[in-house]
Structures are given as structure tokens and as C-alpha cells.
Amino acid sequence: MNRIVVLISGGGSNLQALMDARVADIVLVVSNRADAFGLERANKAGIATCVLPLKPWLAAGGTRASYDADVAEHVSVAQPDLIVLAGWMHVFSPSFLDNAPSKVINLHPALPGKFPGARAIERALAAAIRGEIAETGVMVHEVIPEVDAGPVLGTAAVPILPTDDLAALATRMHAAEHELLVEVVRKHLAPPPVSSS
Ligand code: GRF
């Protein structure tokens, strides 16, 4: 089975979706926050975890670039075929990507080119209330130094209903994320078709 490392910062519902779908062997979960609920999910499933907070690293004189390289080193030890950022809230500098041992993909709660960065769901809802959009969506893309950009591996549109508040829209968005992330990881790790010639 293919090996993946998942990086999280919070609840880990997308990590849970990957765990439930059994699309790959999750060999390590990395969190930048010790209180991320996703760590509990991993522990419960017997998956190795590691917590790498940025603040103490910087307080000890480290730089952002050396922190990113350190995260890449921890990830490398697990020898993943794919690295999945599933709610990882740090923007990586090139020093992570340069040292990453495999492709890095990211999940973002917006369609390509729309609402990059934080609070994407909230900003989409505000745009809908202003009458500017009637749908938003989720995407999975390859990670490049630019935030929430890079070759798109999959998208799913999510309608914004007139009755939506943030909680209702977020619930629909997360359900779409769980499905899309599993689908993209499965596709990415699928063995190439055997040629008949
Ligand atoms: C997701 O909406 C993801 O797109 C965003 O952070 C959220 C993480 O949710 N960047 P969870 O931790 O997987 O529940």
C-alpha cells in the first residue's frame, strides 16, 4: 500500500476521511499545534504523530526557512509517496518544497484563483450576500511557493443557498472536501494502467 504523510493544524476531519477510505497507509501525521484534535484521531487509529510548533522554534533562534526544512526532514523519515496538507495552516517557504521527498498537495476551500488564503468560506459567503457569486467550491492542487495556487488536481463546486449561514455553508464545504480529497489521493496513488502492447 502507498505511504502518505498528512499535515494538519486543527480538527482533522479531512484526515479522518482519508483514514476511513483506506486509500493509503497513513504513516505519519504532523501537526504544528499540540491541541489539534486531528492528533487524537490519529492516536486512536494507532498512527504515528509528531508535533512541530513554529513559535518555540523561532524563540530558540531558528528561522522560518530552517523550521520548514525541519518539517521536511521529519516528513522524509517516514518515506511517503505523497504528502497531503489537509488543513495545515502554515504557508510553506521553498525550503519545505526543496526538501520534501515527494509531491505535496493541498486542500483549499475555494475554487482555483478564488479566495486564496484564510477565511475562504467566510469570504465566499460575504460575496454571495453581496450578490456577486452563487457558488463556491473546493480544490486540491499541487503546492508551489504561491499561496493556494499550483496545478489543479481536482475541484468540486458547492452552491451557496440563500438560507446559508456560515455554519451551514461550512458543513456543505467540508463534506465536499472529504469526498474530493479522497478521490484525488486515490487517483494519484493508483498504479499506472498496464499497457496491452
Ligand atoms: C479545511 O476546510 C481546509 O480546506 C482548510 O482547513 C480546514 C481543515 O479542516 N484549509 P479539518 O482540520 O480537516 O477538519
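Analyst: Helices (H or I, at least four residues) and strands (E, at least two) are DSSP runs, numbered from the N terminus. The model is predicted, and local features need pLDDT of at least 70, side-chain atom pairs count only at pLDDT 80 or more, while totals for chains, interfaces and linings use all residues. Residues are numbered from 1 along each chain as its sequence is written, and side-chain values use heavy atoms, with hydrogens and water left out.

The residues of helix 1 that are buried are N14, L15, A17, L18 and M19. Buried means under 20% relative accessible area, exposed means over 50%, and partly exposed lies in between (1.4 Å probe, protein chains only).

Two of these residues, L15 and L18, are touched by V6, which also touches I26, L28, V29, V30, V84 and A86, leaving out residues up to four places away in sequence. Contact here means heavy atoms within 4.5 Å. V6 belongs to strand 1 and is buried, its relative accessible area being 0%.

Between strand 1 (3-8) and helix 1 is a loop that holds S9. S9 is buried too, at a relative accessible area of 5%. Its side chain makes a polar contact with the side chain of N32 at 2.7 Å. The side chain of S9 also reaches the backbone nitrogen of M89, at 2.7 Å. A polar contact is a pair of N or O atoms within 3.5 Å; within protein, one must be able to donate a hydrogen and the other to accept it, and residues adjacent in sequence count only if both atoms are side-chain atoms. Beyond neighbours within four places in sequence, S9 is in contact with residues including S31, R33, A36, G87 and W88.

Now the helix neighbours. Two packed helices are described by the angle between their axes and the distance between the axes. Axes are lines fitted to C-alpha atoms, for helices over the stretch in contact, and angles run from 0 to 180 degrees between N-to-C directions.

Helix 1 and helix 2 have axes 9 Å apart and pack at an angle of about 20°. That makes helix 1 roughly parallel to helix 2 (under 35 degrees; over 145 is roughly antiparallel, 65 to 115 roughly perpendicular and the rest oblique). S13, L15, Q16 and M19 of helix 1 meet G38, R41 and A42 of helix 2. These residues divide into three nonpolar, three polar and one charged. Ala, Val, Leu, Ile, Met, Phe, Trp, Tyr, Cys and Pro count as nonpolar, Asp, Glu, Lys and Arg as charged, and the others, Gly among them, as polar.

The axes of helix 1 (residues 13-21) and helix 7 (residues 166-189) come within 9 Å and cross at roughly 50°. That makes helix 1 oblique to helix 7. The contact joins S13, N14, A17, L18 and A21 of helix 1 to E177, H178, L181, V182, V185 and R186 of helix 7. Six of the residues in this contact are nonpolar, three are polar and two are charged. The crossing of helix 1 and helix 7 is right-handed. A crossing is right-handed if the near helix is turned clockwise from the far one by less than a right angle, and left-handed if anticlockwise.

After helix 1 comes R22, with a positive phi near 50°.
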